[in-house]
Structures are given as C-alpha cells and as structure tokens.
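Please read them with the sequence and the structure open beside you.

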Amino acid sequence: MKTRGFEVISTYSDKNINLPKRATSKAAGYDFEVAEMTTLLPDEIKLVPTGIKSYMQDGEVLYLYDRSSNPRKKGLVLINSVGVIDGDYYNNADNEGHIFAQMKNITGETVTLEKGERVVQGVFMPFLVADGEEQSTQVTRSGGFGSTGV
C-alpha cells in the first residue's frame, strides 16, 4: 500500500526526471527539480514544470515553498507564496496531477532555469476540517490553478 510519495507523470516518463528528495536526514522539504529548461523574461510569471505528481493519504496536503536561495541567487520567487497540492489533484483527468511551480522573475534580466535545477521544496502536512462544514458538490477535480471554480 502506498502512503505518500512522488511519481513521474507519463508524458515525462522518458525524460530522466528525478523524484523529489530530502537533502539531509533532518530536512522537512523534498527538493523539486525543473523538468525542462525554462526561461523567464523580466517580471514574467510562468508555470515551471517539475514532471512530478504526488499521492498522499486523506487528511494530508503537500505544501510547496520557495527555496530560500531563489530570490538572492536566481532572482525568482514563488509568486503564490505557498503552493497547495490537494490529495485529489493526483491523477486528475486534465493533467495527471502535474505539479508546477508558479515563479516570477523579479529582476530586470532574463533568467533561465536548466533541467535538473532545484526550484521549490515540498512538505507533507496533515490538515484539519471545521465542525459542520458542508461537503462540496464538486465530485472530481480537473486541473489546477483555479480548477475548483475560482
């Protein structure tokens, strides 16, 4: 039985994609790499592909955080501050649950990310729900970045 982890999405299965891993035994975050060379123009916001999808248990979420070195070393920031990867994003019909990093180039220069560069880190966490919440009428998710109707 699978508990939580990562898989390469099918469209990247032949592109030598590394699964996210922790850099040290006490690291909380799993480092995600860029799946293909990606160029960001000055002030551009772009979805950077990782080629990865993630599965987890009910009551868990995968948070994506910016690497602390990105602004200083690369001039990039994770523009949505924290990415939220819900459990039902895994294997959705639109994009198989492909995890992207929504990055912004905050410099006046073009920034190029090479395949294999570490771009964000993911941390698995439990989450809680409120008493008496109404269940969503949306049965299945399709896609990301606003796919739940917003």
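1. The side chain of Lys 2 forms a salt bridge with Glu 7, in which the closest N and O atoms are 2.6 Å apart, where a salt bridge is a side-chain nitrogen of Lys or Arg within 4 Å of a carboxyl oxygen of Asp or Glu.

2. A word on the basis of these remarks: the model is predicted, local features need pLDDT of at least 70, and side-chain atom pairs count only at pLDDT 80 or more, whereas totals for chains, interfaces and linings use all residues. Residues are numbered from 1 along each chain as its sequence is written, and side-chain values use heavy atoms, with hydrogens and water left out.

3. The count of salt bridges comes to eight. One of them joins Glu 44 to Lys 46, with the closest N and O atoms 3.9 Å apart; Glu 44 is partly exposed at 23% relative accessibility, and Lys 46 is partly exposed as well, with a relative accessible area of 27%. Elsewhere, salt bridges that share partners connect Lys 2, Glu 7, Lys 53 and Glu 96 into one network.

4. Turning to the strands, these are DSSP runs (E, at least two residues) numbered from the N terminus, and two strands are taken to pair if DSSP finds at least two bridges between them. Strands of a sheet pair through backbone hydrogen bonds, either parallel or antiparallel.

5. Four strands form an open sheet in the order 2-11-6-8, and the pairing is antiparallel. Strand 2 and strand 8 (82-86) stand at the edges with a single partner strand each, so one side of each is left without a neighbour in the sheet. The twist from one strand to the next averages 30 degrees, the axes being lines fitted to C-alpha atoms and angles running from 0 to 180 degrees between N-to-C directions.

6. Within this sheet, strand 11 (residues 118-126) is joined to strand 2 (residues 30-33) by four bridges, and Tyr 30 has Gly 122 as its bridge partner in strand 11. Strand 11 is also joined to strand 6 (residues 60-66), here by seven bridges, with Val 120 as the bridge partner of Asp 66. Five bridges join strand 6 to strand 8, where the bridge partner of Tyr 65 is Val 82.

7. The side chains of Arg 118 and Asp 31 meet in a salt bridge at 3.3 Å, N to O. This pair links distant parts of the chain, with Arg 118 in strand 11 and Asp 31 in strand 2, 87 residues apart. Arg 118 counts as partly exposed at 37% relative accessibility, whereas Asp 31 counts as buried at 10%.

8. An open sheet of three strands has the order 4-9-7, with antiparallel pairing. Its edge strands are strand 4 (45-49) and strand 7 (76-78), each of which pairs on one side only. Neighbouring strands of this sheet are turned against each other by 40 degrees on average, direction ignored. Five bridges join strand 4 to strand 9 (residues 100-105), and in strand 9 the bridge partner of Val 48 is Ala 101.

Terms used: Buried means under 20% relative accessible area, exposed over 50%, partly exposed in between (1.4 Å probe, protein chains only).
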